[in-house]
Amino acid sequence: MKDRVTVGLDGTPQSLSAALWAAREAELRKARLRLLHAWILLAPEQTGAPSEEAEADQWPHRIVDEARTAVLAAHPNLPVDVSPVRAEPLAALVQAADDSDLLVLGSRGLGAAARFTLGETGLEVMTRTALPTVLVRARQDTPARIGSGNVTVGVSLHAACDGLLAFAFETAARRSVALRAVHGRHLPAYAYHRGGGVDRIAAEETARSARDELAAVLGPWRAKFPDVQVDEQVILESPAPALLHGTSNAELLIVGRRHGGRLLSPRIGHVVQAAVHHAPCPVAIVPYAP
């Protein structure tokens, strides 16, 4: 554990929301918060009279100073590190991931649907690090949500996902909320009648089998975290829409991303895509080795 949560800032309302969400998370973890803003043209620190380069740096320093002011107003006892760095944003965030436990980024919304649109930097960071990354939209940092809902995690059951479940149970335990574990499963082809109907017995057998598998996977984690209330849900639907059902009351939606050593792959999977584009709450993407 590095005991540090890093949030990337770019001066947008989304990044400020990310900073406030990250501050609450750092407080729950009893960790330090690092406010990181990267600009390749940032001038070196000046010890003498102000220069033209130093004057041009006012905007980057203003971004981190405003975020720090907002964070400390809400969390006055939180240890905060301010880090304006001279680097490309992607390189700075990837490097910061090496000494952080969590990376938090803002994500823009689109129109009334308020969907996520993954920026190029956010997408690249997710695929280049093995660090859990949380995406936060503007107004998703509301403190009233803390402790009032649940933490939801999508469980595929196709591969071992200890890293994903460890993150989910630890998050629910820190927040003292229930963990909602959701598994979406397609019905097998033989469950459908020629006319398009569904055979009830086949559907019940599929659901029963999935519930048994889910219970077996979660059993050891239930034993390890006896104080976490777990709501196991099997939904006979495609995994992506199944995961999004009931997330209106979630404080955080957690989805896994299998990396298998291929961290440079730009593919993040359709379930992750659906979560970050449509979830009404912050989304954590947790890489794990199958």
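Helix α7 has a kink of about 40° at Leu218, shortly before the proline Pro220. The bend at a residue is the angle between axes fitted to the seven residues ending there and the seven starting there. Helices (H or I, at least four residues) and strands (E, at least two) are DSSP runs, numbered from the N terminus.

The model is predicted: local features need pLDDT of at least 70, side-chain atom pairs count only at pLDDT 80 or more, and totals for chains, interfaces and linings use all residues. Residues are numbered from 1 along each chain as its sequence is written, and side-chain values use heavy atoms, with hydrogens and water left out.

Helix α7 spans residues 200-224, 25 residues in all. From its first C-alpha to its last, α7 reaches 36 Å, close to the 36 Å expected at 1.5 Å a residue. The expected span is 1.5 Å times one less than the number of residues. At the start of α7, the backbone nitrogen of Ile201 has a side-chain oxygen of Asp199 within 3.2 Å.

Several residues of α7 are buried, among them Ala202, Ala210, Leu214, Leu218 and Trp221. Buried means under 20% relative accessible area, exposed means over 50%, and partly exposed lies in between (1.4 Å probe, protein chains only). The cover over the buried residues of α7 includes α6 (162-175), β7 (178-184) and β8 (230-235). Contact here means heavy atoms within 4.5 Å.

## Aromatic pairs

A search of the whole structure finds 3 aromatic pairs. The ring centres of Trp221 and Phe225 are 6.5 Å apart and their planes are at 20°, so this pair is stacked. Rings of Phe, Tyr and Trp (its six-membered ring) pair if their centres lie within 6.5 Å; planes under 30 degrees apart count as stacked, over 60 as edge-to-face and the rest as tilted. Trp221 and Phe225 are both buried.

## The protein as a whole

The protein has 9 helices and 10 strands. Of its 290 residues, 47% count as buried. Among contacts with a separation of 6 or more, 79% are between residues 24 or more positions apart.

The largest nonpolar core has 48 residues, and Val7, Leu33, Val104 and Ile254 touch the most other members. A second, separate core of 28 residues includes Leu36, Val255, Ile268 and Val283. A nonpolar core is a set of buried Ala, Val, Leu, Ile, Met, Phe, Trp, Tyr and Cys residues joined through side-chain atoms within 4.5 Å.

Leaving aside neighbours within four places in sequence, Leu33 is in contact with residues including Val5, Val7, Ala23, Val71, Leu78 and Val80.

## Buried residues in the helix, loop and strand

Ala23 is found in helix α1 (residues 13-29) and is buried, with a relative accessible area of 0%. Not counting residues up to four places away in sequence, Ala23 touches Leu33, Val71, His75 and Leu78.

Ala31 is in the loop between α1 and β2 (32-38). Ala31 is also buried, with a relative accessible area of 6%. Beyond four places in sequence, Ala31 touches Asp3, Arg4, Ala26, Leu78 and Pro79.

The table gives two pairs of residues by sequence separation and C-alpha to C-alpha distance.

| Pair | Apart in sequence | C-alpha to C-alpha |
|---|---|---|
| Ala23 and Val80 | 57 residues | 8.7 Å |
| Ala31 and Leu78 | 47 residues | 8.2 Å |

Glu251 is in strand β9 (residues 250-258). Is Glu251 buried or exposed? Glu251 is buried, with a relative accessible area of 3%. The side chains of Glu251 and Arg175 are joined by a polar contact of 2.9 Å. A polar contact is a pair of N or O atoms within 3.5 Å; within protein, one must be able to donate a hydrogen and the other to accept it, and residues adjacent in sequence count only if both atoms are side-chain atoms.

## Positive phi angles

Most residues other than glycine have a negative phi. Asp3, which is not a glycine, has a positive phi of about 55°. Asp3 lies in the segment before β1 (4-8) and counts as partly exposed at 40% relative accessibility.

Ser176 also has a positive phi, near 55°. Ser176 lies in the loop between α6 and β7 and is exposed, with a relative accessible area of 65%.
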